[in-house]
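Here is a friendly briefing on one protein model, arranged by topic. Have a look at the fold first, and then let us walk through it together.

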Amino acid sequence: FYLVDTSGSMSGVKIGALNTAVRETLPIIKEISENSLEPGLFLIDDGEEESQTSTAAEVAFPLAVDNRISTVLFSLEKKEDDIVSDLLTIIFSRYTDNIARLATAPKEEWDKAKNGIISLSKAPLFLDDSTEVSVGEMHTMAKVIISEQKVRVFIIDGIHLLEEENPIKHLEEMAADLNVTIIALQKHNTQ
């Protein structure tokens, strides 16, 4: 298991720093991109506070956009529009240190951001914002997606919202059955 704690405020430079840390230092992403990661389940503790961008987007972006790895993001917490907004925030945070200043950014920064948006639009990233879905239903949807696309990674945001008993065990079984990597994010519980 890998554990990344993103609790606390996430704004401005911190977003870019987390994006860089995820892209450059989280071993799982490097292993996946080099085809050397065994299928399985990896848990990420997503902190206990709201952040400006979701950790799920921060993990999906380098996989799908930077490394062109077919990735599915099941979000039990956010709607698709919010996830896309998070992905755009990541793009803009790469090219400016203050998103609020973006309106007055030089043309070069806008051109880089435009290229980032084009890369995002072509990325093998599939979003599903179904709520109140069980692991069994995700498993069935994943089989269909795998039969249509060459998906290697599933990110599941909000496993703490699953109401079934022992969802982690079911996710481990799903990863083994489908021969894929599943990255599951859960909110930190301090109680």
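The protein exposes about 9800 Å², and carbon and sulfur atoms supply 49% of that area (Shrake-Rupley method, 1.4 Å probe; for residues, only the protein chains shown count as cover). This is a predicted model, in which local features need pLDDT of at least 70 and side-chain atom pairs count only at pLDDT 80 or more, while totals for chains, interfaces and linings use all residues. Residues are numbered from 1 along each chain as its sequence is written, and side-chain values use heavy atoms, with hydrogens and water left out.

**Overall make-up**

- Seven helices and five strands make up the secondary structure (DSSP runs numbered from the N terminus: helices are H or I with at least four residues, strands E with at least two).
- Along the sequence, the pattern reads α-α-β-α-β-α-α-β-α-β-α-β.
- Of the 191 residues, 46% are buried (under 20% relative accessible area with a 1.4 Å probe, protein chains only; exposed means over 50%, and partly exposed lies in between).
- Among contacts with a separation of 6 or more, 84% join residues 24 or more positions apart (a contact means heavy atoms within 4.5 Å).

**The sheet**

- An open sheet of five strands has the order β1-β5-β4-β2-β3, with parallel pairing (two strands pair if DSSP finds at least two bridges between them).
- The edges are β1 (40-45) and β3 (125-128); each has a single partner strand, so one side of each is left without a neighbour in the sheet.
- On average, neighbouring strands are turned by 15° against each other, direction ignored (axes are lines fitted to C-alpha atoms, for helices over the stretch in contact, and angles run from 0 to 180 degrees between N-to-C directions).
- Five bridges link β4 to β5 (residues 181-186) in the parallel sense, and Asp-157 stands opposite Leu-185 in β5.

**Helices on the sheet**

- Helix α6 packs on the sheet, touching β2, β3 and β4, and its direction makes about 155° with that of β2.
- Helix α7 lies across β1, β4 and β5, at about 140° to β1.

**A closer look at α6**

- Val-135, Met-138, His-139, Ala-142 and Ile-145 are the buried residues of α6.
- Seen down the axis of α6, these buried residues fall within an arc of 125°, so they line one face of the helix (the arc is that of the directions from the helix axis to the C-beta atoms).
- Their cover includes β2 (71-75), β4 (153-157) and α7 (167-178).
- Thr-140, Ser-147 and Glu-148 are exposed on the other side of α6.
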